[in-house]
Amino acid sequence: MVHLTADEKANVASVWGKVNVDGAGGEALGRLLVVYPWTQRFFDSFGDLSNADAVMNNPKVKEHGKKVLHSFSNGLQHLDNLKGTFASLSELHCDKLHVDPENFRLLGNVIVIVLSRHLGKDFTPEAQAAFQKVVAGVATALGHKYH
């Protein structure tokens with residue numbers, strides 16, 4: 001559960017309505033894989049991840065990033081029940097994929113950076129503060145199965 005004020009919830013909804021989820025998702029996952037290269041070990045089947053250009057232009061990275069951000073978008077519709085919303089993904093990433101839950105926090109921070117890059121002046125400090133709460137809540141929900 002994320003504790004947002006009514007103004008923060010309105011800000012998140014307003015800002016999210018301006019996001020190109022498909023494009024931002026590929027960029028967010030790509031940046032995660034470039035900035036934190038140890039995260040690439042979970043994507044061996046994605047082909048060439050040998051350098052930043054290869055990662056950022058990799059169609060499998062773009063497609064999976066789109067999927068990730070659509071899941072994030074779904075979570076925005078259920079801010080009062082993030083643990084329930086992400087329960088199956090938490091279980092998958094914990095039990096089957098063995099993803100370090102710290103990666104969820106890293107991805108959340110990358111998502112905020114991508115939002116800032118894409119939205120410019122529309123991504124105000126207030127919007128960033130609200131989204132930082134959201135990505136922290138999503139990371140906690142995704143890491144729930146680990147506890």
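Entry 1, salt bridges. I count a salt bridge when a side-chain nitrogen of Lys or Arg lies within 4 Å of a carboxyl oxygen of Asp or Glu. By that rule I found seven salt bridges in the structure. I looked up one of them, K9 with D80, where the closest N and O atoms are 3.8 Å apart. This pair links distant parts of the chain: K9 sits in helix 1 (residues 6–16), D80 in the loop between helix 4 (59–76) and helix 5 (82–85), and 71 residues separate them.

I am reading a predicted model, in which local features need pLDDT of at least 70 and side-chain atom pairs count only at pLDDT 80 or more, while totals for chains, interfaces and linings use all residues. Residues are numbered from 1 along each chain as its sequence is written, and side-chain values use heavy atoms, leaving out hydrogens and water. My helices are DSSP runs (H or I, at least four residues), numbered from the N terminus.

The pLDDT (the predictor's confidence in each residue, from 0 to 100) averages 88 over the chain, and 89% of the residues score at least 70. Where is confidence lowest in the chain? I found that in helix 6 (residues 87–96), with a mean of 66, whereas helix 3 (residues 52–56) is highest at 98. A note to myself: where pLDDT is low, the predicted coordinates should not be read in detail.

The axes (lines fitted to C-alpha atoms over the stretch in contact, with angles from 0 to 180 degrees between N-to-C directions) of helix 7 (residues 102–119) and helix 8 (residues 125–142) come within 9 Å and cross at roughly 155°. That makes helix 7 roughly antiparallel to helix 8 (the label for angles over 145 degrees; 65 to 115 counts as roughly perpendicular).

The contact includes V12 and W16 of helix 1 and A130 and F131 of helix 8.

The axes of helix 2 (residues 21–35) and helix 4 come within 7 Å and cross at roughly 110°. These two helices are therefore roughly perpendicular to each other. Among the residues that meet are G25, G26 and L29 in helix 2 and G65 and L69 in helix 4.

Definitions and conventions. Parallel < 35°, antiparallel > 145°, perpendicular 65-115°, else oblique. Contact = heavy atoms within 4.5 Å.
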